[in-house]
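Subject: A structure to look at, with notes

Dear colleague,

I am passing on a structure that I would like you to read through slowly, with the notes beside it. Please open it before you go on to the rest of this message.

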Amino acid sequence: MAPNTAPSFRKKALPDPLPLDSGRELAGVEIAFETYGELNVDRSNAILVFHALTGDQFVASEHPVTGKQGWWERMVGPGKPIDTARYYVICANVLGSCMGSTGPASPDADGKPYAKQFPVITIRDMVRAQMRLLDVLGIETLHAVVGGSMGGMQALSCAANFPERTNRVLAIATTARHSAQNIAFHEVGRQAIMADPDWQGGAYYGSNTPDKGLSVARMAAHITYLSEAGLTEKFGRRLQDRDEKSFGFDADFQVESYLRHQGISFTDRFDANSYLYITRAMDYFDLAEEHGGRLANAFRAASDTRFCLVSFDTDWLYTTADMREIVHALNAVAAPVSFVELSAPYGHDSFLLDVPALDRVVKGFIG
Amino acid sequence: MSNLRPDLAKIAAQVPDGVRVLDIGCGDGALMAELQTGKGVDARGIEIDPEEVEKAVARGLSVVQGDANRDLADYPDGAFDVAILSQTLQTAERPDWLLDQLLRVGRTAFVSFPNFAYWRMRFALLLGGKMPVVRHLPVSWYATRNIHHLTVEDFRLLLTEKGVTVEDSWYFAGGREIGGANANWRAEHAVFRLSK
């Protein structure tokens, strides 16, 4: 389990208690982060990258638990579309996660893990915590905020709630509101975790962890990240290490074996309670609701901010139609906005994968 | 001005410095880029072809992939000083609606379009009895995106009907500007500057 075996993370303590959308506040918040490149003298070249649901701050460096390379190395680095030879890139682990930032596995005032006593958080709370981190780092205005999926939600939330903090907003494969279908898939995952006897009402730290439940949650979610065509092309109905069906419930099909592997390996690096809290935050996300029911109102104060939105034609999790609603709201406040639907075969995960057109758009927009 | 098409170069020359411009059907953003660097305008674009949008965004322009036939309704009244519709009117589902929208979101509008009453067109139709395929309209009837062909005269009639003011107009043939006399015969392309 990550919380027990995790290495030490680079982090900052926020000096004041963090107010939360729930009305509660959280004292002693720590935010873990990584940086790439050099901050320039006038502190104007910082880019904040927001990570997705199960992402982390290791955007362009080796993951300390899995040993895998950074999750967006194709996009962030020297000479890459987000060029760390020119920009100072910051990526922070979100509040509620489990890679060094304060979350349900962190100790409460009594020294025991919060577990289910951790307050329910929102996307705006995550962003607020990261703005406080910027305060600690002495960075007032960002060149850009960038994010895909839940990272895109944070980018939009940042524009709506902290418009003075960034000049550019790049939101990829995301939405301004979680739909009933989005919430439904998350609920399947949460129920899988909570149905695992090892969940123990959330108080599993120091004993068996609900790996089976978390694994099923990951499997269900993983399907939503891929396109049907992508799955068909990758696996079809091919069998796994056998010539005939077993007439049993082993992983006969390659797609089953693949999903099981995705689920199990996920439990090595992620905390089940973090998964509950972060999916809840995504489900609560509705940018229009936060601003009087009208999405355009969310962007009133951001009409000088430059926006770039990108969707993918095979993404059925956060669709082009979802993103067009954001574009329409931005047009209504006459904000400078670019939008393009790119063609890519990989579904929602396209934003992480080899899509050269995305590289060109990101590079052009970031400048 | 650069390598812009003559109708675009004319529009570029007419747009005042530092204004807010919406270019509808902006393609890869050639005109927007020219206006932004040459005149310091705040330029936005709408383009339906994703590959063109990608090129425009990659050069740092604010371009939205979308269909002007629908999306123009989302822009507030008077959001732009200048709205530009170049070589797009004849492809619109309802050119009259598009014209209304153009003059709603922009205080001034530039419209350019190919003139179907150009004399070569008239002769090709009269003598050949077939939809003309000529230099300035080189695509056959079944493949063309131009679903509402019009003439200079048609356009003037529509403007009169709608009470739109023609502030100026320019005409082109063979890649050069020509005078306005008998333009409906002589012009391959026309550019109008309009206001409500």
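The notes below take the domains, the annotated sites and the contact between the chains in turn.

Please keep in mind that this is a predicted model, in which local features need pLDDT of at least 70 and side-chain atom pairs count only at pLDDT 80 or more, while totals for chains, interfaces and linings use all residues. Residues are numbered from 1 along each chain as its sequence is written, and chains are lettered from A and ligands numbered from 1 in the order in which they are written.

Chain A is divided into domain 1 (2–177 + 286–366) and domain 2 (183–278), with bounds that come from an automatic or database domain assignment. The C-alpha centres of these two domains of chain A lie 25 Å apart. Where they meet, 26 residues from domain 1 and 18 residues from domain 2 of chain A take part in the contact; two residues are in contact if their C-beta atoms, placed from the backbone, lie within 7 Å. On the side of domain 1 of chain A that touches domain 2, there are 16 nonpolar, 8 polar and 2 charged residues (Ala, Val, Leu, Ile, Met, Phe, Trp, Tyr, Cys and Pro count as nonpolar, Asp, Glu, Lys and Arg as charged, and the others, Gly among them, as polar).

An unreviewed UniProt entry annotates A:Ser149, A:Asp315 and A:His348 as "active site", and UniProt annotations may be inferred rather than shown by experiment. Although these residues are spread over 200 residues of sequence, they cluster in space, with a largest C-alpha distance of 10.7 Å. A:Ser149 is found in the loop between strand S9 (144–148) and helix H3 (150–161) of chain A, where helices (H or I, at least four residues) and strands (E, at least two) are DSSP runs, numbered from the N terminus. A:Ser149 counts as buried because it has 27 C-beta neighbours inside 10 Å, the cut-off for buried being 20 or more other C-beta atoms within 10 Å of a residue's own, with C-beta atoms placed from the backbone. A:His348 lies in the loop between S12 and H12 of chain A, and A:His348 is likewise buried, with 23 C-beta neighbours inside 10 Å. Not counting residues up to four places away in sequence, A:His348 touches several residues, including A:Ser149 and A:Asp315.

The unreviewed UniProt entry also gives a "binding site" annotation, which covers A:Arg218 and A:Asp349. This pair is spread over 132 residues of sequence but clusters in space, the largest C-alpha distance being 14.1 Å. A:Arg218 sits in helix H5 (residues 211–225) of chain A, and A:Arg218 is buried, with 22 C-beta neighbours inside 10 Å. Leaving aside neighbours within four places in sequence, A:Arg218 is in contact with A:Gln262, A:Gly263 and A:Phe266.

Finally, the contact between the chains takes 16 residues from chain B and 22 residues from chain A. On the side of chain B that touches chain A, helix H3 (50–58) and strand S3 (62–65) of chain B each supply at least two residues, and H3(B) gives the most, with 5 residues.

With best wishes

Terms used. Buried ≥ 20, exposed ≤ 12 C-beta atoms within 10 Å, placed from the backbone.
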